[in-house]
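The following note was prepared for a colleague who wishes to examine the model residue by residue. Please read it alongside the sequence and the coordinates.

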Amino acid sequence: MYDAPVSVDVLVSAKVDAQASFARTVAASCSYIHSESRRPAVLATGGVFDADAAEACAVAEVASALSVSTSTVTEWLFLIRTARPAVQEAFDAGRLAYAAFRTVCRSLAGFHHATEALLQRVIAVAARCTPGAVASAIDRILADFDADWHRIIRERAALERSATVRKLPRDQAELKIRGPADKVAALWRNIAAAAARGVTDPTSLPARLFDAAHALLTGAVSGTPARAVIVLDAATAAGLAGEPGHLVGWGPVPADIARRIAGDATWQAMITAAEVAEPRAGCRCRCPEHDPPTDSEPPGPPMPAAGREVRRTRRMPAGWTPTTGKLGSTTARKAS
């Protein structure tokens, strides 16, 4: 038991100390491997020294001593050798857990024009995120900093599609599928829709999801594509802006992917507008004499909900994009 009074500050301090302690273990391991791999040794007849073989032996020795895999120790070596100084300093100080440190290093690989301010922003975000959210948070920061680089990296990442199988204890196995987020989301929607059709099944939801995935992949049932709902503004849909869209049930997606998903979709536009206020001079016209524009005039209070209306268009066929003109088919209703 912990005898001292416990507070949130104590918990945070203990966490930082533990992370710094592990960082020292990693640093000491890498230092030992570095020194051992440079020690002269006769590995074959004729006095031939193989530096790679010497390093492999040192890695195996450290892995055995610490009861970890050789691939884990090899990863330590790679990260310590390639980490940016600011990221390495944050890891050594205990500000970054090892998982966050690894994710930061991988996310910054190939990003050679990072400024010190950007690195500190990435470190701060990685330090306060949960482990599973670090990669996405860093990805958004890098996309904001350099949109062109991020687009190229996404295109390269799209080529890294894979499907792997790993055996597990008790006659179990794991199937892992990796690919572009929008395509994986489409797979998941179909699986979830198939599982929902068996809501009377007394088994747990994870079990129903597995059964649905098995049935779809083996062709036992024909999957009806589930409907995807994408939300994006009109300018982005028309290619005039680059704001990200939102794939309902999944999260934000880049503008180009949002446009691709919406390209063969059934559209329905939602237009929110505020009612126009009366002219200040009591005249109903908008003439400059009675209602001159004044840039210096402070903005008025926000329009209350009762003063807004939402216009909903009819559903448009696939391939339709927003264009300038009247929305003659709209029906208006007061926002609730």
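1. Basis. This is a predicted model, in which local features need pLDDT of at least 70 and side-chain atom pairs count only at pLDDT 80 or more, while totals for chains, interfaces and linings use all residues. Residues are numbered from 1 along each chain as its sequence is written, and side-chain values use heavy atoms, with hydrogens and water left out.

2. Overall make-up. The protein has 12 helices and eight strands; these are DSSP runs numbered from the N terminus (helices H or I, at least four residues; strands E, at least two). Of the 336 residues, 25% are buried, where buried means under 20% relative accessible area, exposed over 50% and partly exposed in between (1.4 Å probe, protein chains only). Among contacts (heavy atoms within 4.5 Å) between residues at least 6 apart in sequence, 50% join residues at least 24 apart.

3. Main core. The largest nonpolar core comprises 37 residues; such a core is a set of buried Ala, Val, Leu, Ile, Met, Phe, Trp, Tyr and Cys residues joined through side-chain atoms within 4.5 Å. Ile33, Val73, Val87, Leu96, Phe101, Val104 and Leu142 have the most contacts inside this core. Two or more residues each come from helices H1 (8-37), H2 (51-66), H3 (70-82), H4 (85-92), H5 (98-108), H6 (116-128) and H7 (134-145). In soluble globular proteins, nonpolar side chains tend to be buried together.

4. Val73 and the second core. Leaving aside neighbours within four places in sequence, Val73 is in contact with Ile33, Val59, Val62, Ala63 and Val68. A separate, second core has nine residues, including Leu247, Val253, Ile257 and Ala258.

5. Helices H4 and H5. How do the axes of H4 and H5 cross? They come within 10 Å and cross at roughly 175°, with axes taken as lines fitted to C-alpha atoms, for helices over the stretch in contact, and angles running from 0 to 180 degrees between N-to-C directions. H4 and H5 are therefore roughly antiparallel to each other (angles over 145 degrees count as roughly antiparallel, under 35 as roughly parallel, 65 to 115 as roughly perpendicular and the rest as oblique). On the H4 side Val87, Gln88 and Phe91 take part, and they meet Tyr98, Phe101, Val104, Cys105 and Leu108 in H5. By class, this contact has seven nonpolar residues, one polar and no charged; Ala, Val, Leu, Ile, Met, Phe, Trp, Tyr, Cys and Pro count as nonpolar, Asp, Glu, Lys and Arg as charged, and the others, Gly among them, as polar.

6. Arg84. Arg84 is found in the loop between H3 and H4. Not counting residues up to four places away in sequence, Arg84 touches Leu108, Phe111, His112, Ala114 and Leu119.

7. Strands E1 (residues 162-168) and E2 (residues 172-178) run antiparallel and are joined by seven bridges; two strands pair if DSSP finds at least two bridges between them. Leu168 has Gln172 in E2 as its bridge partner, and Lys167 stands opposite Ala173. Of the seven residues of E2, the number buried is zero, so E2 lies largely in the open.

8. Most residues other than glycine have a negative phi. Asp171 counts as exposed, at 77% relative accessibility. Ser67, in the loop between H2 and H3, has a positive phi near 60° and counts as exposed at 66% relative accessibility.

9. Ala193. Ala193 is found in helix H9 (residues 181-196) and, at 23% relative accessibility, counts as partly exposed. Its C-alpha atom is separated by 9.2 Å from that of Leu209, 16 residues apart along the chain.
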